[in-house]
Amino acid sequence: MDCRESRDLMSAAVDNELAKSESQSFYEHIEICGSCRDEFELERLTKAYIKRKITFVDVPYDLETAIMAQISNQGGTAIPSGFLDRVVSNSIFQPVLAVGVVFVLAIILFFANKDNIVLPPSPGDQLATSVAASLDGLTIAGNNFQDVLSGKFKPEITAIATADVASFILKNAGYTLDLPGVQSADWIGGSVSSQGRHKMAHVIYKMGENYIYLYCFPKDAMISQNVHLPAKCMDTIDKNDWFWTQDEDGDVQAVWNFQNNVCIATANLDKKDLVAYLQPGTGAKNP
C-alpha cells in the first residue's frame with residue numbers, strides 16, 4: 001500500500017470501518033510511514049474532539065410517542081388540496097417531518113433546561129477517575145499517563161509548535177508554563193480541566209512510541225487541598241530542585257516548581273532521556 005491508498009482509507013480507519021484485508025494493509029503501512037501515521041493520529045484526535053463537543057439531549061419518551069402518533073393518525077377521509085397538506089399527508093414525508101419536529105422540540109427543551117443538564121466530562125476533566133478518592137498528584141499523573149498510552153486521554157488541541165500549546169494553556173488556564181521545546185515530537189497536545197476552583201493543565205508530547213505527559217497546577221491548589229504531594233517531594237521542589245520517582249507502572253516521574261506552578265512529568269523513558277527533553281524549558285536546577 002502506498003501513501004495515496006492509505007489516505008483514501010484514512011477516514012474509514014478512524015471510524016473502524018475497514019475490511020479485514022484493508023485494515024491489515026493500512027496498519028502495516030502507517031507502521032513504517034511516519035507522515036501517514038501522524039495524519040491518522042491527527043484525524044483521529046480531531047474526530048474525537050468534535051464528538052466530545054456534541055451534546056445529545058433525550059426527548060421524553062411520552063412526548064416523542066405522542067408526536068409520532070399524531071403524525072401517523074390520518075384522521076378523517078378528507079382529501080387534502082393544498083401543497084403543504086399533500087406533503088404532510090404523504091407517507092413518504094411523514095417520518096422525516098416527525099424527526100424534524102422532535103429535533104426542534106429537543107432544541108427548545110435543551111435551551112429551556114440547559115442549567116439543569118449535566119454534560120458528560122471531557123477526557124481532560126477525567127482526572128484519574130479510577131482513583132477518585134485519591135488526590136495525590138503523583139497518582140493522578142500516573143493514571144492519566146496510562147490513559148494517554150491507551151488513547152483514552154485525548155488533548156483538546158494538537159500542534160507542532162510548543163508555543164501554540166503554551167498559548168492555549170495561558171488562554172484557558174490563566175497561567176504561563178515554561179514548556180520544554182521537544183524538537184523531535186511528532187505532535188504536542190494540550191488540555192485544561194477544573195479541579196475545584198483551580199485549572200489543571202495537561203500537555204502531551206508524542207515521539208513515536210514514547211510519550212511525555214505533563215500535569216501542571218497552581219501551587220495554591222495544594223493549600224486548598226484540591227491536590228497534594230508527599231512531604232519529601234514538597235521539600236525538594238521548594239528548594240527549586242527536581243524530585244524523581246517512579247509510579248506503580250514503572251514509568252519515570254519528575255516534579256518541579258515554576259513560578260508558583262507545580263509540574264509533574266511522567267514518561268515511558270529512561271531518566272537520562274527525560275532529563276534531556278525537559279531541561280531546556282523547566283527553569284529547575286540540574287537534576
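Q: Why does Phe40 count as buried?
A: Phe40 has a relative accessibility of 9%, and buried means under 20% relative accessible area, exposed over 50%, and partly exposed in between (1.4 Å probe, protein chains only). Phe40 therefore counts as buried. This is a predicted model, in which local features need pLDDT of at least 70 and side-chain atom pairs count only at pLDDT 80 or more, while totals for chains, interfaces and linings use all residues. Residues are numbered from 1 along each chain as its sequence is written, and side-chain values use heavy atoms, with hydrogens and water left out.

Q: What makes Phe26 and Phe40 an aromatic pair, and why is it called edge-to-face?
A: Rings of Phe, Tyr and Trp (its six-membered ring) pair if their centres lie within 6.5 Å; planes under 30 degrees apart count as stacked, over 60 as edge-to-face and the rest as tilted. The rings of Phe26 and Phe40 are 5.5 Å centre to centre, with 70° between the planes, so they form a pair and the pair is edge-to-face. Phe26 belongs to helix α3 and Phe40 to helix α4 (residues 34-53), 14 residues apart. Helices here are DSSP runs (H or I, at least four residues), as strands are (E, at least two), numbered from the N terminus.

Q: How do you know that Phe26 is buried?
A: The relative accessible area of Phe26 is 0%, which is under the limit of 20%, so Phe26 is buried.

Q: Why is Tyr27 called partly exposed?
A: Tyr27 has a relative accessible area of 32%, which falls between 20% and 50%, so the term is partly exposed.

Q: Why is Asn16 called exposed?
A: The relative accessible area of Asn16 is 66%, over the limit of 50%, so Asn16 is exposed. Asn16 is placed in the loop between α2 (10-14) and α3 (20-32), and has a positive phi of about 55° although it is not a glycine.

Q: How do you know that the length of helix α8 agrees with its number of residues?
A: The expected span of a helix is 1.5 Å times one less than its number of residues. For the 14 residues of α8 (residues 137-150) this should be 20 Å, and the end C-alpha atoms are 20 Å apart, which agrees. Gly151, with a positive phi near 90°, follows α8.

Q: Which residues of helix α11 are buried, and why do they line one face?
A: In α11 (residues 231-238), Cys233, Met234, Thr236 and Ile237 are buried. Seen down the axis of α11, these buried residues fall within an arc of 165° (taken from the directions from the helix axis to the C-beta atoms), so they line one face of the helix. On the other side of α11, Ala231 and Lys232 are exposed.

Q: What makes β1 an edge strand?
A: Two strands pair if DSSP finds at least two bridges between them. The open sheet has 7 strands in the order β1-β2-β3-β4-β7-β6-β5, with antiparallel pairing. The strand β1 (157-159) pairs on one side only, as does β5, and these are the edge strands. Strands β1 and β2 (residues 187-195) pair in the antiparallel sense over 3 bridges.
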